Amino acid sequence: MTEASPAPWTATVLTLFPEMFPGPLGASLPGKALQSGLWALETVDIRDFARNKHRTVDDAPFGGGPGMVMRPDVLAAAIDATATGGEDEALIYLSPRGRPLDQARVREMSALRRLVLVCGRFEGVDERVIQARGMQEISIGDYVLSGGEPAAVVLIDACVRLLPGVVGAPEGLVEESFETGLLEYPHYTRPNPWEGREVPEVLLSGHHEKVRLWRREQAEAVTRTRRPDLWRRHGEAPKDKT
Ligand code: 4FV
């Protein structure tokens with residue numbers, strides 16, 4: 001009697017628009033990995049937990065103001081039917097008020113067993129359910145989306161590509177942007193020249209150490225100019241990390 005293989009890394013999305021999934025996650029790298037069972041995607045329709053015959057999931061904001069707010073009771077019922085609260089599981093609410101998403105956080109979440117992702121709509125969700133259920137708020141950027149679903153797709157895509165067996169060349173994962181705390185060096189391929197533009201000579205030299213050093217200099221230069229915040233953090237990082 002073969003014991004069942006453990007469930008793969010799973011993303012469970014609580015949304016009012018389950019038809020939005022898998023969407024982009026069903027194509028290319030995440031799509032192939034989904035087909036071959038390297039990860040799993042579940043959707044839960046929050047409206048299935050509405051309590052009245054009109055299946056209402058939102059209501060007017062206390063204190064007045066524009067728009068609507070997602071009801072705490074309906075969302076809590078959906079969360080309670082889905083989340084296990086296990087320590088290898090994270091309950092996340094995507095929101096502009098959240099902690100900015102970065103590669104370190106992505107790495108942590110790709111190492112868990114399961115993510116339960118709550119996608120808000122309207123003006124957002126009632127604050128009490130965020131507190132009562134201990135949701136971790138994560139933001140993908142300082143702008144306002146029409147819903148949390150696109151943010152959930154971004155987060156899941158970033159995690160899935162770090163899962164074992166998903167990317168063909170895992171060595172490529174270690175030297176990419178943010179893994180080294182730096183932005184990535186520039187890339188070139190054929191044709192050379194292109195529109196009269198030459199590829200940097202060193203990349204044609206076959207001298208691996210010279211290439212590695214040039215790429216290093218390029219990564220530092222572009223980080224210094226475009227992301228002084230990252231460059232400062234990089235400067236503070238313990239030397240062996242760099
Ligand atoms: C968002 C973000 C975001 C706010 C109101 C959904 C929208 C609507 N989520 N990073 N930026 N969410 O704009 O994660 O409910």
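P191 is found in the loop between α6 (171-174) and α7 (208-226), where helices (H or I, at least four residues) and strands (E, at least two) are DSSP runs numbered from the N terminus. This is a predicted model, in which local features need pLDDT of at least 70 and side-chain atom pairs count only at pLDDT 80 or more, while totals for chains, interfaces and linings use all residues. Residues are numbered from 1 along each chain as its sequence is written, and side-chain values use heavy atoms, with hydrogens and water left out.

**Backbone features in loops**

- A cis peptide bond joins R190 to P191, with omega at about 0°.
- The loop between α6 and α7 also holds P193, and a cis peptide bond connects N192 with P193, again with omega of about 0°.
- Most peptide bonds are trans, and most residues other than glycine have a negative phi.
- E195 lies in the loop between α6 and α7, and its phi is positive, near 50°.
- E195 counts as exposed at 64% relative accessibility; buried means under 20% relative accessible area, exposed over 50%, and partly exposed in between (1.4 Å probe, protein chains only).
- F122 is placed in the loop between β6 (114-119) and α4 (127-132); its phi is positive as well, near 60°.
- F122 is partly exposed, with a relative accessible area of 38%.

**The chain as a whole**

- The protein chain has eight helices and seven strands, and its C-alpha trace spans about 70 × 60 × 40 Å along the principal axes.
- Of the 242 residues in the protein chain, 38% are buried.
- Among contacts (heavy atoms within 4.5 Å) with a separation of 6 or more, 75% are between residues 24 or more positions apart.
- The accessible surface of the protein chain is about 14,300 Å², and carbon and sulfur atoms contribute 55% of this surface; accessible areas come from the Shrake-Rupley method with a 1.4 Å probe, and for residues only the protein chains shown count as cover.
- The protein chain carries 29 positive and 35 negative charges, whose mean positions are 2 Å apart. Lys and Arg count as positive and Asp and Glu as negative, without His and the chain ends, and each charge is placed at NZ of Lys, CZ of Arg, CG of Asp or CD of Glu.

**Salt bridges**

- The whole structure contains 16 salt bridges, each being a side-chain nitrogen of Lys or Arg within 4 Å of a carboxyl oxygen of Asp or Glu.
- R114 and E89 form a salt bridge of 3.0 Å, N to O. R114 lies in strand β6 and E89 in strand β5, so the pair ties together parts that are 25 residues apart in sequence.
- R114 is buried at a relative accessible area of 9%, and E89 is buried at 9%.
- R114 and E89 belong to a network of salt bridges that also links E42, D88 and R113.
- R97 and E137 form a salt bridge in which the closest N and O atoms are 3.5 Å apart. R97 lies in strand β5 and E137 in strand β7 (residues 136-139), so this pair ties together parts that are 40 residues apart in sequence.
- R97 is exposed, at 60% relative accessibility, whereas E137 is buried, at 17%.
- R121 and E149 meet in a salt bridge of 2.8 Å, N to O. The pair links distant parts of the chain, with R121 in the loop between β6 and α4 and E149 in helix α5 (residues 149-160), 28 residues apart.
- Both R121 and E149 are buried.

- D45 is found in strand β2 (residues 39-45).
- D45 is buried yet has no salt bridge, and R55, the nearest side chain of opposite charge, is 4.7 Å away.
- The side chain of D45 reaches the backbone nitrogen of R47 at 2.8 Å.
- Apart from neighbours within four places in sequence, D45 is in contact with T15, L16 and P18.

- In helix α2 (residues 72-80), the buried residues are V74, L75, A76, A77, A78 and I79.
- The elements covering these buried residues of α2 include β1 (9-15), β5 (89-100), β6 and α4.
- E209 is found in helix α7 and is partly exposed, at 38% relative accessibility.
- The side chains of E209 and R212 are joined by a polar contact of 2.9 Å; a polar contact is a pair of N or O atoms within 3.5 Å, and within protein one must be able to donate a hydrogen and the other to accept it, with residues adjacent in sequence counting only if both atoms are side-chain atoms.
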